[in-house]
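Trainee: I would like to learn how to read disulfides and a core in a model. Can we work through one case together?

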Amino acid sequence: GSTSATVVPTATPTVMLTPTTMLTAAPTAGDDTPPTTTAGCDLAVNIGLLETIPGTYQVTAGVSSVGGANCPSPVTLSLSVTPSGALTLGSLVVAYEYNGSAIWSCSGTTCTASAAVPANPPGTMYQVGFQTMATLASGSAQLCATVTSSAETNTANDTWCEALP
């Protein structure tokens with residue numbers, strides 16, 4: 001014969017938190033732009049990754065203008081991989097561009113703007129996104145996106161790296 005055991009759930013204590021102060025923010029209508037970080041040309045970069053199947057990633061690299069002055073062309077975004085060959089990258093394409101037209105063109109893993117990247121006036125933060133696919137060859141890799149401009153005044157936010165897997 002078979003024996004069966006009855007499982008009795010244990011009670012989980014419930015803690016109720018009562019807020020003492022409600023914080024409310026009243027943003028300016030139509031302005032969801034972070035504050036300008038520098039007076040001059042300042043570009044910031046980031047990477048978004050979506051693993052579509054194991055070892056294959058959709059890569060989005062984004063560039064934002066967070067400075068108070070235009071960044072004259074050429075402005076360049078490039079992807080790099082360490083160690084070399086650990087990640088196979090497709091060619092970058094422009095996925096979207098908001099609040100400006102810097103006339104980007106891409107070749108392989110580098111994209112260049114042939115017009116100025118606009119400054120960051122309130123409410124109209126410039127953003128551009130680039131996409132490609134990446135396949136992890138073996139082991140692990142570090143993928144970095146770097147934005148460069150001769151007029152850049154703040155290099156602290158010019159490179160963003162992600163470790164894969």
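This is a predicted model: local features need pLDDT of at least 70, side-chain atom pairs count only at pLDDT 80 or more; totals for chains, interfaces and linings use all residues.

Trainee: How many disulfides does the structure hold?

Mentor: A disulfide is a covalent bond between the sulfur atoms of two cysteines. The cut-off here is a pair of cysteine sulfur atoms within 2.5 Å. The structure holds 3. Counting bonded cysteines along the chain, the pattern is 1-2, 3-4, 5-6.

Trainee: What does the disulfide of C41 and C71 tie together?

Mentor: The sulfur atoms of C41 and C71 are 1.9 Å apart. C41 sits in the segment before β1 and C71 in the loop between β2 and β3, so the link joins parts 30 residues apart in sequence. Strands here are DSSP runs of E, at least two residues, numbered from the N terminus. The link is right-handed, with 105° about the S-S bond. Both C41 and C71 are buried. Buried means under 20% relative accessible area, exposed over 50%, partly exposed in between (1.4 Å probe, protein chains only).

Trainee: Is C106 buried or partly exposed?

Mentor: C106 counts as partly exposed because its relative accessibility is 29%.

Trainee: Where do C144 and C161 lie?

Mentor: C144 and C161 form a disulfide with sulfur atoms 2.0 Å apart. C144 is in strand β9 and C161 in strand β10 (residues 159-164), 17 residues apart. C144 is buried at 7%, while C161 is partly exposed at 35%.

Trainee: Which residues touch the most other members of the largest nonpolar core?

Mentor: A nonpolar core is a set of buried Ala, Val, Leu, Ile, Met, Phe, Trp, Tyr and Cys residues joined through side-chain atoms within 4.5 Å. The largest has 31 residues, and W104 and V117 touch the most other members. Strands that each supply at least two residues include β1 (43-53), β3 (75-82) and β8 (127-136). Contact means heavy atoms within 4.5 Å. Beyond four places in sequence, the contacts of V117 include C71, V75 and W104.

Trainee: Which residues does S149 touch?

Mentor: S149 is in strand β9 (residues 141-149). Beyond four places in sequence, S149 touches C41, L43, C71, P72, P74 and V75. At 12% relative accessibility, S149 is buried.

Definitions and conventions:
Residues are numbered from 1 along each chain as its sequence is written. Side-chain values use heavy atoms; hydrogens and water are left out. Helices (H or I, at least four residues) and strands (E, at least two) are DSSP runs, numbered from the N terminus.
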